[in-house]
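Please look over the structure below.

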Amino acid sequence: MDVYEAVTTRRAVRAFTDRHVPREALERVLSAAAWSPSASNLQPWHVYVLTGAPLAELKKRAGERLAMGDAWDEREYQQYPPTLKSPYRERRSAFGEQRYGAFGIPRDDLEARQRAAAANWQCFGAPAALFCYIDREMGPPQWSDVGMYLQTVMLLLRAEGLHSCAQMAWAKFHRTVTEVVSAPDELLLFCGMSIGFEDVTVGGARTGRAPLDETVTFVEGLAGAARRSRPLPFGSGASPPWTAVTGVSETAESCISSPAL
């Protein structure tokens, strides 16, 4: 499977078979994913992989909490802005309509939506799950590093014939996850990821993507080149101009001296 195929066939699968996922495949994926980029090579991800009895125990505990109507754990990070502006609001709404519509669940049937969402905490039947933590002292750049790592993991899983579903939903039960995996207090659970072989007997529409011109701007032509070649003034956070003699700026030299992405 080439990279393009891995990217275009990766999707959030929400129905898995109980077919065993070989540990050797998971080790290959996670060993290769370690080469994901991170600023100054911090590698800020901390991963726990659950299969067998430990995963069954986690599913049991999560199921018990749901059955008792236990409140979600206090949020440790904000998943979405309090108010989503356009076009993000419309995209999330369209996702919800498509996801629940595939199960024949109308928009106003909150109880049915909650039942469908509860499958998150059973890993959609997957026999393997990954839980990704990050040190609480890390900032937004390191969170982006974790995102690149997780994307790399999901693409490598496709190369192994496996599917996945990244789930921030597990952050709502972070205390339960941490009890099972015994993560230290200095780590914060970012998300879980269900891993396994897709159950192709269960239908599910794939979420679409915005047209390229909604998210990408190409800057081309002489006018753009001229604007970008003018020296930028110092101050106000602007980078210093490239020097004519060496072709390297002071900023570039500092980048060269530290590990790159």
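## A bridge in the sheet

Tyr48 has Phe131 in E2 as its bridge partner. The model is predicted. E1 and E2 run antiparallel and are joined by 7 bridges.

The open sheet holds 4 strands in the order E1-E2-E4-E3, with antiparallel pairing. E1 and strand E3 (163-167) stand at the edges with a single partner strand each, so one side of each lacks a neighbour in the sheet. From one strand to the next, the twist averages 25 degrees. In general, strands of a sheet pair through backbone hydrogen bonds, either parallel or antiparallel.

## The chain as a whole

The protein chain has 10 helices and 4 strands. Their pattern along the sequence is α-α-β-α-α-α-β-α-β-α-β-α-α-α.

The chain has 261 residues, and 32% of them count as buried. It exposes about 16200 Å², with carbon and sulfur atoms supplying 56% of that area. Take the contacts between residues at least 6 apart in sequence: 81% of them join residues at least 24 apart.

## Helix H2

Which residues of helix H2 (residues 23-33) are buried? They are Ala25, Leu26, Val29 and Ala33. Seen down the axis of H2, the buried residues fall within an arc of 100 degrees, so they line one face of the helix.

On the other side of H2, Arg23 and Ser31 are exposed. The cover over the buried residues of H2 includes strand E1 (45-51) and strand E2 (128-135). Helix H6 (140-159) and strand E4 (187-196) are also among the elements that cover them.

H6 lies across E1, E2, E3 and E4. H6 runs at about 15 degrees to E4.

The largest nonpolar core has 25 residues. Those that touch the most other members are Leu130, Val146, Leu150, Val153, Leu157, Met193 and Ile195. H2, E2, H6 and E4 each supply at least two residues of this core. H6 gives the largest share, 6 residues. As a general rule, nonpolar side chains in soluble globular proteins tend to be buried together.

What does Met193 contact, leaving aside its neighbours within four places in sequence? Its contacts include Ala128, Ala129 and Leu130. Leu150, Val153, Met154 and Leu157 are also among the contacts of Met193. Ser164, Cys165, Ala166 and Gln167 complete the list for Met193.

## Thr207 in its loop

Where is Thr207? It sits in the loop between E4 and helix H8 (212-215). Thr207 has a relative accessible area of 32%. Buried means under 20% and exposed means over 50%, so a value in between counts as partly exposed. Thr207 is therefore partly exposed.

Leaving aside neighbours within four places in sequence, Thr207 is in contact with Phe95 and Gln98. Thr207 and Arg91 are 116 residues apart in sequence. In space, the C-alpha atoms of Thr207 and Arg91 are 9.9 Å apart.

Methods
Residues are numbered from 1 along each chain as its sequence is written. This is a predicted model: local features need pLDDT of at least 70, side-chain atom pairs count only at pLDDT 80 or more; totals for chains, interfaces and linings use all residues. Side-chain values use heavy atoms; hydrogens and water are left out. Buried means under 20% relative accessible area, exposed over 50%, partly exposed in between (1.4 Å probe, protein chains only). Contact means heavy atoms within 4.5 Å. Accessible areas come from the Shrake-Rupley method with a 1.4 Å probe; for residues, only the protein chains shown count as cover. The arc is that of the directions from the helix axis to the C-beta atoms. Two strands pair if DSSP finds at least two bridges between them. Axes are lines fitted to C-alpha atoms, for helices over the stretch in contact, and angles run from 0 to 180 degrees between N-to-C directions. A nonpolar core is a set of buried Ala, Val, Leu, Ile, Met, Phe, Trp, Tyr and Cys residues joined through side-chain atoms within 4.5 Å.
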